[in-house]
Amino acid sequence: VATGSLGQGLCAGIGIALNARRIGSEYRTYVLMGDGETAEGSVWEAANVAAFHTLESLCGITDVNALGQSGPTQWQHDMDALAARWRAFGWNTLVVDGHDLAAILGALGHARETSGRPTMILAKTLKGKGVSVMEGKAGWHGKALKKGGELDAALAELDSQLVPEDSPAEPPRPRKANPGAARRAPAAPGTVGASAYKAGDSVATREAYGAAIARLGATDDRIVALDADVKNSTFSEKFEQQHPERFYQTFIAEQAMIGAAMGLASRGAIPFPSTFAAFLTRAYDFIRMAAISNLNVKMAGSHAGVSIGEDGPSQMALEDLAMMRAQPNIAVLYPCDGVSTERLVECAAYHQGPVYMRTSRPKTPVIYGPDERFEVGGLKVLRQSEADVATIVGAGVTVFEALKAHEELGKQGIAVRVVDLYSLQPIDAVTLVRCARETKGRMITVEDHYPGGGIGDAVAAAIASEGFTVRRLAVREIPRSGTPDQLLDRYGISARHIVAAVVAAVRA
């Protein structure tokens, strides 16, 4: 797990420790931290979550050298203050001389014998120990000794401190791994079975997501789910009901949730962390590092866009597609109905690398048959004819606005093509270019998202090499509260606005 962004290691360690519990192994997880790093709020999110899950196999070691990058740390060498904080969070806490190897080994042994809670070893150290020019002094962060006199003097000083090696103590005997219960062979993509939905059903994609991960979890023990206290809104509670031993609650701590998912993925699990899409912005640094590690973390963000209605702008994710598309190896999926959600959850699980799925709050009609196939990087052309004069591209809830516009334009004698762009990244540029070419270059995108970085930008980038441009319908101001239909219309992404955009494009 790449954790060069400080404050992430302990969150990842939680996932690694949870994985040991998942597979029935007695391996232990160790996380080395800096005292400056513990100013990050994510460390204390992790402290809460690890204590709640009684992760006795998790042991943190904090190097308390009292110096940060630019000056002293908050608590410097006040070991009592640091210890009090960790004890208050429910951790077994030990304070040692960080330069005394026997004391360190003793603390590690104590941690191994502690049950019911994680351990934090606070090791008091001096930065640059043994080199007088830097020992305990600020100003050396990220700096090397100068070659020649400075370096030679430091090496000589260290050489003079060497002492004969005593006979080492007998190392602790490693525990035997517990193979755990017999495990099912993992399923292959496409083997989950027929869809549970049929045309005419009405289901929210967030609800279909919860049912899909629960169903997938029954065929593959590697599937796990994580929640941040919104399981009854994302419907991940369906997974908890069927597979409680593989469901991990982090409460309202999105950084800890994504970090733990990173740790689980690094050990072979396939984690599905889910919350409101708007709240994933809090965890974006973790998402960025998950992308750097190319981990199989399968994120889901629900309640996206103005279509959530009365909850208002604080709950409306209108930048999440841009946020996820900014990472070049995150697959970005946006299903519109129950069948596509179900199939794309399975595609996400077996796609190599991180995936983001955007789900919606309103119920939408099922438009795909139970045998419809989907793939990461695909799209569906829902309406087309040789007479088409424009292409409308939508995803999620705007697919249905596009279909309404298609019907209304047909009454006016204007034929248009309708595309469900369920995969924004990777994207099917070949089909989009063909649609642009066959409809006189008139491409209109409509999205429940701000203009920057979403569907419009994705389509524009895909067809730009052929000289085509895009007319974008998107939410262009901070929205307010209202019913879904009122807000779709008020912010310019309803069928009425699509019809007007097509007519204007044809007349231009």
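Predicted model: local features only at pLDDT ≥ 70, side-chain atom pairs only at ≥ 80, totals over all residues.
Reader: Hi! Let's start with the sheet of 7 strands. What is its strand order?

Author: Happy to! The order is β7-β6-β8-β9-β11-β10-β16, in an open sheet with mixed pairing.

Reader: Which strands stand at the edges?

Author: Those are β7 (247–249) and β16 (423–425). Each has a single partner strand, so one side of each is left without a neighbour in the sheet.

Reader: And how much are neighbouring strands turned against each other?

Author: On average by 20°, with direction ignored.

Reader: Nice. Which helix packs on that sheet and touches β6, β7, β8 and β9?

Author: That's α9, residues 254–266. The strands touched are β6 (223–227), β7, β8 (270–276) and β9 (298–302), and the direction of α9 makes about 165° with that of β8.

Reader: What is the bridge partner of valine 332 in β11?

Author: Tyrosine 356. β10 and β11 run parallel, joined by 3 bridges.

Reader: Which helix goes with β10 and β11 in a β-α-β unit?

Author: Helix α12, residues 338–349, and the unit is right-handed.

Reader: How many bridges join β11 to β9?

Author: There are 4, and these two strands run parallel. One place to look is glycine 301, which has arginine 358 of β11 as its bridge partner.

Reader: Where do the side chains of β11 point, and are they buried or exposed?

Author: Val355 and Met357 point one way from the strand, residues 355–358, while Tyr356 and Arg358 point the other way. All of them are buried, Arg358 included. As background, side chains in a regular strand alternate between the two faces of the sheet.

Reader: Let's move on to β17. Which way do its side chains point?

Author: From β17 (residues 443–446), Met443 and Thr445 point one way, and Ile444 and Val446 the other. These are all buried too.

Reader: Which strand pairs with β17 over 3 bridges?

Author: That would be β14 (residues 391–394), in the parallel sense. There, threonine 391 has methionine 443 of β17 as its bridge partner.

Reader: And what about β18, how many bridges join it to β17?

Author: 4 bridges, with β18 (residues 470–473) running parallel to β17. Threonine 445 has its bridge partner in β18 at arginine 472.

Reader: Switching to helices: at what angle do α1 and α2 pack?

Author: At about 25°, with their axes 8 Å apart. That makes α1 roughly parallel to α2. The residue ranges are 9–23 for α1 and 41–52 for α2.

Reader: Which residues make the contact?

Author: Leu10, Cys11 and Ile14 come from α1, and Ser42, Val43, Ala46, Ala47, Val49 and Ala50 from α2.

Reader: How many disulfides does the whole structure have?

Author: 0. Cysteine 435, for example, is in no disulfide, and the nearest cysteine sulfur, that of cysteine 336, is 16 Å away. With 0% relative accessibility, cysteine 435 counts as buried.

Methods
Residues numbered from 1 in each chain as written. Heavy atoms only, no water. Disulfide = S-S within 2.5 Å. Buried < 20%, exposed > 50% of the residue type's maximum accessible area, 1.4 Å probe, protein only. Pairing = 2+ DSSP bridges. Axes fitted to C-alpha atoms, helices over the stretch in contact; angles between N-to-C directions. Contact = heavy atoms within 4.5 Å. Parallel < 35°, antiparallel > 145°, perpendicular 65-115°, else oblique. Right-handed = clockwise from strand over helix to strand, strands pointing away.
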